[in-house]
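Please look through the structure below before reading the notes. They are meant for someone who has not seen it before.

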Amino acid sequence: MSFVSLENVSKCFGALRVLEHVSLDVDEHGVVCLIGASGSGKSTLLRCINLLEKVDEGSIVVDGQQITNGAVDVNALRRKIGIVFQAYNLFPHMTVLDNVTLAPRKVRGATPRQAREKAFELLDRIGLREKADEFPDRLSGGQQQRVAIARALAMEPKLMLLDEITSALDPQLVSEVLNLVSQLAESGMTMIIATHEMSFAREVADKVCFLDAGVICEEGPPGQIFTAPREPRTREFLSRIIEAGRL
Amino acid sequence: MHQVIHTFFSPHDFRAAFPNVWAGFQVNLKLMVVAEALVLVFALAVAIVRGLPGRGARPLRALMIVYTDFFRGTPLILVAFVVGFGMPALNIGLLSKRSNFTYGVIALVLVYTAYVTEVYRAGIESVHPSQRMAARSLGLSYAQSMRHVVVPQAVRRVIPPLLNDFIGLQKDTALVSVIGVAEAALQSQAYSQTYANFTSYTVAAVLFVLLTIPLARFTDHLILQRERRERAAAT
């Protein structure tokens, strides 16, 4: 029984078809990496899963619950799905600690004390406890992104969606964020990760999906996708990545 | 030259007019404080209602648009006349037996709320949509996202333009003299009509300017401070 299941999902922005008949299954504790060029639909796919975008056709089931029939409690659904964005999107008017405790306090009804304890536990885990009282603009990009991950984890989600979370980072800051994601994967978190970091995807994923023009062109275990891609378009994409020295 | 000094800047008349004008100016201060406090609250409410999503909120949004369009376009002096003379004429117990001061506050609040709503709205719209998206994807409701994420950021950004509007409001408290609120302008007029000397207006002008300058400098300071912070964040 898969934890997330997309069936025939299509999504248009006006005349632009962003996703076309996408079907995808993600097992509980599984890690799926979405690869593909910018504009291939990776981000939109993630956003459909926590209903930041509404699908036009098809169905999505998360944790046994059909979420695309319009009857679902959006806020309740989002409580169990964490998402981390490329641009971090921390709240700039709040300290790191307040960023992490806001949703647990306001959405889950945690007491300030409970929320703080949980937040410090997470900040310890990401190695940023001493930054608890700083504002986000005092942190490096890598640190901000780690805080964004902690903020999502503070809601104790069952599923994490990571949307190109290292694409805005300086190269030397990428590994601190990816290491954190690897730890998460080891701890059994179910994740769907849109990424341009191929060696990371190869290392962390159970399954890799290559998206091209809104279609899942090929999917399989990372070993197969990266060493023996079947589809010509996958081969072409990967050869360009290799040319660019990114694999 | 001597005539000018005598008519507008006579030290004797300055001293003689000061007590009454000063007493009147304290009414301006009260008008200002009460009106500003109400404007801050009402304008934020109107701005939020104007931004409500969904089809169900359409009539409310339309109502707020009509209100802001109307009162931004109407001169304060007309609103003051209508409120100050019209409401008593209505003979409705609750509305019609108020002091001129109250009518003055109502007129100021009606007009300035319409202005300040636009300031808040610009602030709310200047908060990047990704902030709202981040808040909503943590499970916060629309109202919670506004309350904890969007509005606090918007308010911080609009403090300088808000202060600017308040400088305008301070000065416009003098306009409600037309409905008989005994504030500084009216007191100045009374003095000048009695003693055929205009120095009393100078007294009032000096008081208004003295009140405005610190606020103007404070606004400059805030703008500068923010520019510095943004430049620091950009590096």
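This is a predicted model: local features need pLDDT of at least 70, side-chain atom pairs count only at pLDDT 80 or more; totals for chains, interfaces and linings use all residues.

1. Residues are numbered from 1 along each chain as its sequence is written, and chains are lettered from A and ligands numbered from 1 in the order in which they are written.

2. Chain A puts 18 residues into the contact and chain B puts in 17 residues; two residues are in contact if their C-beta atoms, placed from the backbone, lie within 7 Å. On the side of chain A that touches chain B, the elements giving two or more residues are helix 2 (74-79) and helix 3 (96-106) of chain A. Helices (H or I, at least four residues) and strands (E, at least two) are DSSP runs, numbered from the N terminus.

3. In chain A, strand 9 (residues 207-212) and strand 10 (residues 215-220) are antiparallel partners over five bridges; pairing requires that DSSP finds at least two bridges between two strands. A:Leu211 lies opposite A:Ile216 of strand 10 of chain A. The two strands make a hairpin with two residues between them, and A:Ala213 in the turn has a positive phi of about 50°.

4. A:Ser167 sits in the loop between strand 7 (159-163) and helix 6 (171-186) of chain A. Leaving out residues up to four places away in sequence, A:Ser167 touches A:Gln86 and A:His196.
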